[in-house]
Amino acid sequence: MSELAAVTEASTRYLAKQEAADHDKEALFATWVTAVQAGHTPEQIAAACTFTAAYVRRIVRERGAPPLPRGPKPRSQAT
């Protein structure tokens with residue numbers, strides 16, 4: 001196999017994997033929006049993944065989820 005054929009094959013594999021990764025990322029973001037609409041906070045979502053609450057908040061707002069109401073944050077229950 002020539003070097004240029006190897007470059008073409010590697011580029012094709014890379015683009016296919018990038019498309020799959022982009023699809024998976026959009027599916028993840030859609031899951032975040034669903035979780036926010038179900039009443040979970042960005043902090044709760046961030047605790048379950050590797051992203052910060054600020055990033056989660058920004059992504060879900062970009063996708064149409066309304067911001068949480070202002071006011072005192074609910075206290076966590078002491079166990």
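Which residues does V56 touch, not counting residues up to four places away in sequence? V56 touches W32, P42, I45, A46 and F51, where contact means heavy atoms within 4.5 Å.

## Basis of the description

This is a predicted model, in which local features need pLDDT of at least 70, side-chain atom pairs count only at pLDDT 80 or more, and totals for chains, interfaces and linings use all residues. Residues are numbered from 1 along each chain as its sequence is written, and side-chain values use heavy atoms, with hydrogens and water left out.

V56 lies in helix α3; helices (H or I, at least four residues) are DSSP runs numbered from the N terminus. With a relative accessible area of 0%, V56 is buried. Buried means under 20% relative accessible area, exposed over 50%, and partly exposed in between, for a 1.4 Å probe and protein chains only. V56 and T34 are 22 residues apart in sequence, and their C-alpha atoms are 12 Å apart in space.

The largest nonpolar core has 11 residues: F29, W32, V33, V36, I45, A46, A53, V56, I59, V60 and A65. Each of α1 (3-37), α2 (42-47) and α3 (53-62) supplies at least two residues of this core. A nonpolar core is a set of buried Ala, Val, Leu, Ile, Met, Phe, Trp, Tyr and Cys residues joined through side-chain atoms within 4.5 Å. One of its members, I45, touches W32, A35, V36, H40 and V56, not counting residues up to four places away in sequence.

## Aromatic pairs

A pair of aromatic rings is described by the distance of the centres and the angle of the planes. Rings of Phe, Tyr and Trp (its six-membered ring) pair if their centres lie within 6.5 Å; planes under 30 degrees apart count as stacked, over 60 as edge-to-face and the rest as tilted. The structure holds 5 aromatic pairs. In one of them, the ring centres of W32 and F51 are 5.2 Å apart and the planes stand at 75 degrees, so the pair is edge-to-face. Because W32 lies in helix α1 and F51 in the loop between α2 and α3, the pair ties together parts that are 19 residues apart in sequence. W32 counts as buried at 3% relative accessibility, whereas F51 counts as partly exposed at 32%.

W32 also forms an edge-to-face pair with Y55, at 6.1 Å centre to centre and 90 degrees between the planes. Since W32 lies in helix α1 and Y55 in helix α3, this pair ties together parts that are 23 residues apart in sequence. Y55 is partly exposed, with a relative accessible area of 24%. Ring pairs link F29, W32, F51 and Y55 into a cluster.

## The contact of α1 with α3

The axes of α1 and α3 come within 9 Å and cross at roughly 90 degrees. Axes are lines fitted to C-alpha atoms, for helices over the stretch in contact, and angles run from 0 to 180 degrees between N-to-C directions. The two helices α1 and α3 are therefore roughly perpendicular to each other, a label given to angles of 65 to 115 degrees.

From α1, the residues F29, W32, V33 and V36 meet Y55, V56, I59 and V60 in α3. By class, this contact has 8 nonpolar, no polar and no charged residues. Ala, Val, Leu, Ile, Met, Phe, Trp, Tyr, Cys and Pro count as nonpolar, Asp, Glu, Lys and Arg as charged, and the others, Gly among them, as polar.

## Other positions

R13 is found in helix α1 and counts as partly exposed at 44% relative accessibility. The C-alpha atoms of R13 and R63 are separated by 30 Å. G64 lies in the segment after α3 and counts as exposed at 59% relative accessibility.

Definitions and conventions
Parallel < 35°, antiparallel > 145°, perpendicular 65-115°, else oblique.
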